[in-house]
Amino acid sequence: FPVTIVSTEYDWLAKIITDVFTEVGGDGYVTVEEGVKTKYETFNGLEIPVGYHSEYYINNENQECVLDNAYVLVTNQKIESPVVFTPLIERLIEEKRGLVVVAPDFSRDALARLVSTKLQSDLTIVPLKLPTFDKNDVLIDLATLSKAKFVDRGTLTKMEEFEGEIKFVNLGKVDRVVIGESMTYIVTGK
């Protein structure tokens with residue numbers, strides 16, 4: 001139904017619609033889900049049009065990978081080797097927190113190693129392949145949202161410099177990440 005028709009017949013629904021759009025503003029997004037009760041909730045977050053690359057990451061009945069209190073690494077550098085994560089793995093296991101790595105590309109070796117890490121331990125490092133086409137807007141937004149350092153290949157001259165940037169102080173944190181087959185939602189506050 002068009003909003004104008006619904007709002008003229010149901011004053012209470014018109015108020016909810018007005019409240020939602022007032023709260024999210026002109027740059028916000030509104031998603032409607034079917035349910036038993038009429039209610040709304042808002043959150044600070046980001047929607048990224050990319051999903052998991054392997055079904056091994058699914059951890060709920062909705063066929064999603066959900067990570068709570070996860071770390072985030074954001075870079076525009078292709079991840080060639082899984083070795084770059086070695087300094088992080090012990091602490092991630094100790095803290096029992098997952099890591100989402102957002103990069104434009106991953107080598108087959110890196111993807112395979114991350115899946116095998118997931119299968120062999122309780123550690124989840126989820127790669128999200130987000131092609132940037134030399135535009136870093138979404139990556140920078142995600143880094144800002146999660147308070148991560150944006151590891152920019154344009155400022156690094158050698159692979160060793162990139163590997164040196166993969167440390168905890170450069171990771172961001174998010175409250176929740178929901179990764180589906182083709183869409184990811186990153187939430188940083190309710």
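**The aromatic pair**

Modeller: Tyr 71 and Phe 168 are both buried, where buried means under 20% relative accessible area, exposed over 50% and partly exposed in between, with a 1.4 Å probe and protein chains only. The model is predicted, so local features need pLDDT of at least 70, side-chain atom pairs count only at pLDDT 80 or more, and totals for chains, interfaces and linings use all residues. Residues are numbered from 1 along each chain as its sequence is written, and side-chain values use heavy atoms, with hydrogens and water left out.

Rings of Phe, Tyr and Trp (its six-membered ring) pair if their centres lie within 6.5 Å; planes under 30 degrees apart count as stacked, over 60 as edge-to-face and the rest as tilted. By this rule the count is 1 aromatic pair. Tyr 71 and Phe 168 form it, edge-to-face, with 5.0 Å from centre to centre and 90° between the planes. The two residues are 97 residues apart and link distant parts of the chain: Tyr 71 belongs to strand E2 (residues 65–75), while Phe 168 lies in the loop between helix H6 (159–164) and strand E6 (172–179). Helices (H or I, at least four residues) and strands (E, at least two) are DSSP runs, numbered from the N terminus.

Each ring also has a charge over it, a term that requires NZ of Lys or CZ of Arg within 6 Å of the ring centre and within 35 degrees of the ring normal. Over the ring of Phe 168 sits the charged end of Arg 91, 4.1 Å from the ring centre. For Tyr 71, the charged end over the ring is that of Arg 97, at 4.3 Å from the centre.
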